[in-house]
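Thanks for coming, everyone. Please bring the structure up on your screens, and we will walk through it together.

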Amino acid sequence: MSTELQKRPDSEVAPVSAERTRNRPCFQPRVDIFELPDELTLVADMPGVESHGVDIQFVNRVLTISGKVDGRQPEGTRYLWNEYAVGDYSRTFQVSEIIDSERISAELTDGQLVLHLPKVRAAQPRKIEVQDRKSVV
């Protein structure tokens, strides 16, 4: 696994506000991370989260993503049987200095968060072109 983005051990992760202020479960979203030449891309599954419920923080090289889910139960009803647990999401990663924090962007589509973490220009691979010069004899 690339060392540019690492999951922080649970003992180092401070609780996020979603866990402290809402009386409901908080899940760790499943995440795929892949590396492209100019960025790392993080894809997190957060079903039930809408864009207004997503919070992304980047402080001191720590990336925290969280999402709040609105309830599924229509107002004025009660469950007769309930097997699906509704909860919020939170995950924290330690990010290396090769990420350009000013250019981080994200989009959410149908509960799937895609986070683009561009590399700083110096960390991007580049091809060095060799010039052909004729020797003078």
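I will start with confidence, then take the strands, the core, an aromatic pair and a few loop residues.

This is a predicted model, in which local features need pLDDT of at least 70, side-chain atom pairs count only at pLDDT 80 or more, and totals for chains, interfaces and linings use all residues. Residues are numbered from 1 along each chain as its sequence is written, and side-chain values use heavy atoms, with hydrogens and water left out.

Confidence first. pLDDT is the predictor's confidence in each residue, from 0 to 100. The protein averages 83, and 82% of its residues reach 70 or more. Over residues 13–20, the pLDDT is below 50. Beyond near neighbours in sequence, that stretch has seven contacts in the model. A contact means heavy atoms within 4.5 Å.

Now the strands. Strands (E, at least two residues) are DSSP runs, numbered from the N terminus. Two of them pair if DSSP finds at least two bridges between them. In general, strands of a sheet pair through backbone hydrogen bonds, either parallel or antiparallel.

In what order do the strands of the open four-stranded sheet run? The order is E3-E4-E9-E8, with antiparallel pairing. Strand E3 (30–35) and strand E8 (105–109) are the edges, and each pairs on one side only. From one strand to the next, the twist averages 15°; the axes here are lines fitted to C-alpha atoms, and angles run from 0 to 180 degrees between N-to-C directions. Look at E3 and E4: six bridges join them. Val-31 stands opposite Ala-44 in E4.

Next, E5 and E6. Strand E5 (residues 49–59) pairs with E6 in the antiparallel sense, over seven bridges. Ile-56 has Ile-65 in E6 as its bridge partner.

Hold on to Ile-65, and go inside. A nonpolar core is a set of buried Ala, Val, Leu, Ile, Met, Phe, Trp, Tyr and Cys residues joined through side-chain atoms within 4.5 Å. Buried means under 20% relative accessible area, exposed over 50%, and partly exposed in between (1.4 Å probe, protein chains only). The largest core has 16 residues. Which members touch the most others? They are Leu-42, Leu-63, Ile-65, Leu-115 and Leu-117. Strands E4 (39–45), E6 (62–69), E7 (88–95) and E9 (112–118) each give two or more residues to this core. Leaving out residues up to four places away in sequence, Ile-65 touches residues including Pro-29, Leu-42, Tyr-89 and Leu-115.

Tyr-89 leads us to the rings. Rings of Phe, Tyr and Trp (its six-membered ring) pair if their centres lie within 6.5 Å; planes under 30 degrees apart count as stacked, over 60 as edge-to-face, and the rest as tilted. A search of the whole structure finds one aromatic pair. Phe-27 and Tyr-89 have ring centres 6.1 Å apart and planes at 50°, so the pair is tilted. Phe-27 sits in strand E2 (residues 26–27) and Tyr-89 in strand E7, 62 residues apart. Tyr-89 is buried at 9% relative accessible area, while Phe-27 is partly exposed at 32%.

Last, the loops. Asn-60 lies between E5 and E6. Its phi is near 50°, a positive value in a residue other than glycine. Asn-60 is exposed, at 70%. Asp-110, between E8 and E9, has a positive phi of about 50° and is exposed at 79%.
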